[in-house]
Amino acid sequence: MVQVKLSGPLKLAAGGKGELEIEAANIRQLLDRLCADHPKLKPMFDRGVAVAIDGQIYRDDWFRPIPAGSEVVVLPRMSGG
Amino acid sequence: MRYEAPTTISAAVKLLAGKAGLARVLAGGTDLLVQMRTDRIAPDLIVDVKRIPSLGAITAKAGAFRIGAAVPGAALGENKALRRAWPGVVEAANLIGSTQIQSRATLAGNLCNASPAADSVPALVASGATAVVAGPKGRRTVPVEAIAVGPGKTSLKKGELVEAILLPKRQPRSGDAYLRFIPRSEMDIAVVGAGVNLTLDRKGVCIAARVALGAVAERVILVPEAAAALIGTPVDAAALDRLAEAASAACRPIDDKRGTREFRVKVAGVLARRAVAIALQRARGK
Amino acid sequence: MPLDAKLDPATHHFRLVGTRPLRPDGVDKVTGRARFGADASAPGMLVARILRSPHAHARIRAIDTTKAARLPGVKAIVTSADFQPGDPAIHDVLCNVMARDKALYDGHAVAAVAAVSAAIARKALKLIKVDYEVLPHVTDVDEAMKPGAPLLHHGMKTENVEPAPKKASNVASRCEFGHGDPEVGFKQADVVVERRFKTEATHQGYIEPHACLASVGSDGQGELWVCTQGHYMVRNTCAALIGMDVSKLRVTASEIGGGFGGKTTVFIEPVALALSRKAGKPVKLVMSREEVFRASGPTSSSSIDVKIGVTRAGRITGALADIRMQGGAFAGSPVELGAMSAFACYDLEHVKAVGWDVVTNRPKQAAYRAPGAPMVAFAVESVLDELAHKIGMDPVELRLKNAAKEGTQSSYGPKYKRIGLGECLEAARQHPHYKAPLGKNQGRGIAAGFWFNFGGQTCVSLNVNIDGTVVLAVGTPDIGGSRASMCMIAAEELGIEYDKVRAIVADTSSLGYNDISEGSRVTFSTGLATIAAARDAIGKLTARAAKTWGISPDAVVWENGHARPSSPNAGDFAPLSLAEIAKTAGSTGGPIAGHYEVNAGGAGVSFAVHMADAEVDPETGRVHITRYTVVQDAGKAVHPSYVEGQFQGGAAQGIGWAINEEYFYGQDGRLQNPGFLDYRIPVASDLPMIDTVIVEVPNPGHPYGVRGVGETSIVPPLAAIANAVSAAAGVRLTELPMSPPRVLAAIDGAVAKKKPRS
Amino acid sequence: MMSMIRVSTKINGDAVAFLCETDETLLDVLRDRLGLTGSKEGCGTGDCGACSVTLDGRVVCSCLVLGAEAEGRAIGTVEGIASGDTLHPLQAKFLEFAALQCGVCTPGFLVAAKALLERNPDPTESEIRFGLAGNLCRCTGYDKIVRAVQAAAVEMRKG
């Protein structure tokens, strides 16, 4: 089980739940399970998300493993200038 | 578009007077080419006057100066005698644009472009300069303030061009100065400009003065009320206050991307006061 | 060595990283040989020009191009009909490239012509008749949010609000970040300050206008030469917009004359390709400076409310921001990034930032260096400055007491790993500038800033040549000297000299996909990939040596550019240099190359602290910056000169944003200052020397500890200067730019007169 | 079709003749007719200096000069600053001091700085900043450019 924080608009799409427990070994599994539980997240994920694992931010890196007990935050996709 | 580069004034006048449709004089080109580039004007004929020898020369006679219409700002700055006699005029001309612009821009061009914000014009007006106008009916000499009548509009008739600017002899115990306000330190159009020329008697009392303002009306304006505030005074604090008030009172500016009406009115007074301070130093020979 | 093994920057001795060699593209750029976007031409080339809307908002009833088409020399004309809607993800780009049913801003493209000369193309534009129905417009963010404001998109319903609105509006979406409850925090505060701030839109102001040369043959094969920060993005987007196979479009990135985020999307490129395809000839399309201002992608303007509470002891108890940004005629202002970064510098228990993404009749905004962050930092750091004064605490001290550190939960979600804000604040406090005396009418301001920095998709190829030299092919356009850093990194890893490596930016058909050069990602991501590709090549080099010696590859190590037996008992062989191994490559197994493809994660966030001294003329409101110092965490500076260059460049752009730069719209909704004369970027005589202090707190996510440096440097200046000007003028400035009329009005105690607005 | 006129001039010391339209700028001629693309167009209105060239020894914005005006005049462009494969001290110092990032403003800066140092071999920092105010750079904040010009001035005074 990993503790997942949903940040920003994602939280609202998950019915206001900011913290969830999900069984996921990598980012792909995490996103799939979140979408299954909260269909409203799907279009947002399709637009792109970033996932922070223990403070390191990854952009659509599906197979990035999620170590047990790590801190996971799902954020809107970000880009810079 | 036709391009001609005559070598005599009469040839230039003939070309400009001809039935060529819209004709424009090209001296430095720093305004004309920008207007062409931005589709604001599409001349049928361009008369490049830089090949007319007399227009490229600065000549001094009995302390007075004749500045050819094609003399670039940089050349004014390099003329020591002119700089000594009319530092305000030269500084004003040298404020126009960058080093690159200075290599091209001319006093006559700045005058005939008839922008209310032209930097050299308030200084010229304050100095009492005149313009030699050549045309089909011969030559006439007019005060520089009579050339511009409104934004982009001049009193020149078809076929006429400004051939030279004349600066009078520098009077003893007199000095001039020009200051402009711009948001940056360089490369901007004046938001307000103030030109001053004043003369003191032996006791240091102001006996003559001319004050001109730029960018605060539809054209550069001479402000006699501001001058009157100085004349007959030792140019003390009280006189400077009255000068600033008179200068602000004379403004009828617009609100635009370069400044608000309130701003221009207030800063006109501030600059007039500061310009007088510099002119005063020069008149006192400091 | 594992491809991504980390060196300890504290103990590892770098041979080249950290030195200042000359850039490989330098001589071309000082002799005029470097070829930028507009410097290319092709035989039989046509010249294109774009017709643009003179109205801020108008329905396009009809476009009649028949007269123009008949003009001799005109070879092709395109309108929106030539661009087919497809991928919904880029529908806004499609509508921005060429107006469809409505022109949404002054300068919106409505048609384009390709002709044998620029003069004929210009003439043809005048012959195109567009039947406009002029509509009411809105350009101000607060006005656009009001009920009854002119609507840009009738289908636009604000996203992420409960209950979902039934009525359309100009508000595209809402976002919210933070934790705890600010209201609880404010109750614990001794002093609370709340203020409203406004910032006007600015432009990246790159000196090179957008330019491209397109050539599409009747066989559907296309070539595009273009100045862009991301030629793979250009390829994919253009192919989708004009219906081409991605493989059939080969895009070459020219030298790029500045981007700063403004060249991370497409404007003219699809138009040039469509015209070329129609005309069957190469087409060159270059924006004029006026077009760049009216119709490329400036920043958002913003309106921001910030409320912060502190205790007398200087502990921030609660922080709240409500941020409204207009991003032009389409959704997508960087307000989300603004809200996420608003309080990212601080360790807070009760924090909330709400963002509103608003559309107006202005050009679609594009990224500009740390998009969204500078405006919000201006508001937050101004309020902190005011609080520091109110509780009588040194402003650096106040920030140190609340600075985020390793383990802090950021206001946007994740916990920080090792970060360098504390080090930057200490370095600023120790800097002589901080204690230097001030003159008359002068004030000093400081501010902190944060930026995320990104990684992303990256692919490099490193080829070892027969003479022992190396060519490194990267796919990230060099926008600030990155080829130099990449050559240094490759040479560092391979153990050869810097000048033995040449880095080139490969075209889209020669190297795998790369994300755009954005988000301060290049030195981080391409550097990471270069390290790995070099180590990949080293593996092959040592294997060849092993073969040559007839020993096991594990018994060979790579040291100082040579393969050597790992120990005496592995065998007694003279070391083989890279050049020696390369020379016989053909006989030992063929060419030797290293490759690496990665979606780089782990970019480390970075922080900066800026210090500005400003002198204010109390009679005119004119502001002059008399001294400026940048302190920023670079993680590890690969080429310090170009790191300093990024610091100084960001500061200079921030100074312009703070003092004079602004998009100025008239009552008619038209841009009043589309040129460098009245859009006033700083000139040399406006600025002092800009001191820099490079702090190096290694990023745990990079083998050398590199963090991005490009963007953070524009985050603090707006606030640092506002704090300095407020101190000098004796009145708090809350609107940007702090142009003379605004400052003078503030000094005179008047409310700054609003500019003409719709 | 417009009337083309013939212009004879000297560019970087070599006699060059060209045909151009009467309304064509010197910048257009240099870039589009003569292939000298070192001079850049950043604004076309004389505000950025990227098109700086010298005209009879004075630095001008070539976007504000008609090609026709060049008749009988001597033009100097960035392509003529180095002699053979030897860089001019300004060019060398711009590289040494990392005075360029994107490099698009560099040709204009070099032409303007060369003209500046020829008239004033020992300028103050302020004289350099005001003298080069007509050349916009958006990447560097000018700091490294000013230092490079100062260093080149020292080098050139040594002769």
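In this predicted model, chain C is divided into three parts by the domain assignment: domain 1 (26-34 + 455-600), domain 2 (37-135 + 209-256 + 263-295) and domain 3 (301-453 + 604-747). The C-alpha centres of domain 2 and domain 3 of chain C lie 37 Å apart, and the contact between these two domains takes 15 residues from domain 2 and 17 residues from domain 3.

**Domain 2 against domain 3 in chain C**
- On the side of domain 2 of chain C that touches domain 3 of chain C, helix H3 (91-97) and helix H9 (289-295) of chain C each supply at least two residues, and H9(C) gives the most, with 5 residues.
- By class, that side of domain 2 of chain C has 5 nonpolar, 5 polar and 5 charged residues.

- An open sheet with mixed pairing is formed in chain C by 4 strands, in the order E16-E24-E25-E26, and its edge strands, each pairing on one side only, are strand E16 (442-451) and strand E26 (690-695) of chain C.
- On average, neighbouring strands of this sheet are turned by 15° against each other, direction ignored.
- Strand E25 (residues 623-633) of chain C runs parallel to E26(C) and is joined to E26(C) by 6 bridges; within this pairing, C:Thr629 of chain C has C:Asp691 in E26(C) as its bridge partner.
- Helix H19 (residues 640-659) of chain C lies across strand E24 (606-616), E25 and E26 of chain C, and runs at about 130° to E26(C).

**The largest nonpolar core**
- The largest nonpolar core has 448 residues, and those with the most contacts inside it are B:Ala247, B:Ala272, C:Ile721 and C:Val725.
- Helix H16 (residues 522-549) of chain C provides the largest share of this core, 12 residues.
- Leaving aside residues up to four places away in sequence, C:Ile721 touches C:Gly445, C:Ala612, C:Ala614, C:Ile625, C:Ile655, C:Ala658 and C:Ile659.

**Chain D against chain C**
- The contact between the two chains takes 41 residues from chain D and 40 residues from chain C.
- The elements of chain D that give two or more residues to its side of this contact are helix H2 (89-96), helix H3 (106-119), helix H4 (125-131) and helix H5 (143-158).
- The residues on the side of chain D that touches chain C divide into 22 nonpolar, 11 polar and 8 charged.

Notes:
Residues are numbered from 1 along each chain as its sequence is written. Chains are lettered from A and ligands numbered from 1 in the order in which they are written. This is a predicted model: local features need pLDDT of at least 70, side-chain atom pairs count only at pLDDT 80 or more; totals for chains, interfaces and linings use all residues. Two residues are in contact if their C-beta atoms, placed from the backbone, lie within 7 Å. Ala, Val, Leu, Ile, Met, Phe, Trp, Tyr, Cys and Pro count as nonpolar, Asp, Glu, Lys and Arg as charged, and the others, Gly among them, as polar. Two strands pair if DSSP finds at least two bridges between them. Axes are lines fitted to C-alpha atoms, for helices over the stretch in contact, and angles run from 0 to 180 degrees between N-to-C directions. Domain bounds come from an automatic or database domain assignment. A nonpolar core is a set of buried Ala, Val, Leu, Ile, Met, Phe, Trp, Tyr and Cys residues joined through C-beta atoms within 7 Å. A residue is buried if 20 or more other C-beta atoms lie within 10 Å of its own, exposed if 12 or fewer, and partly exposed in between; C-beta atoms are placed from the backbone.
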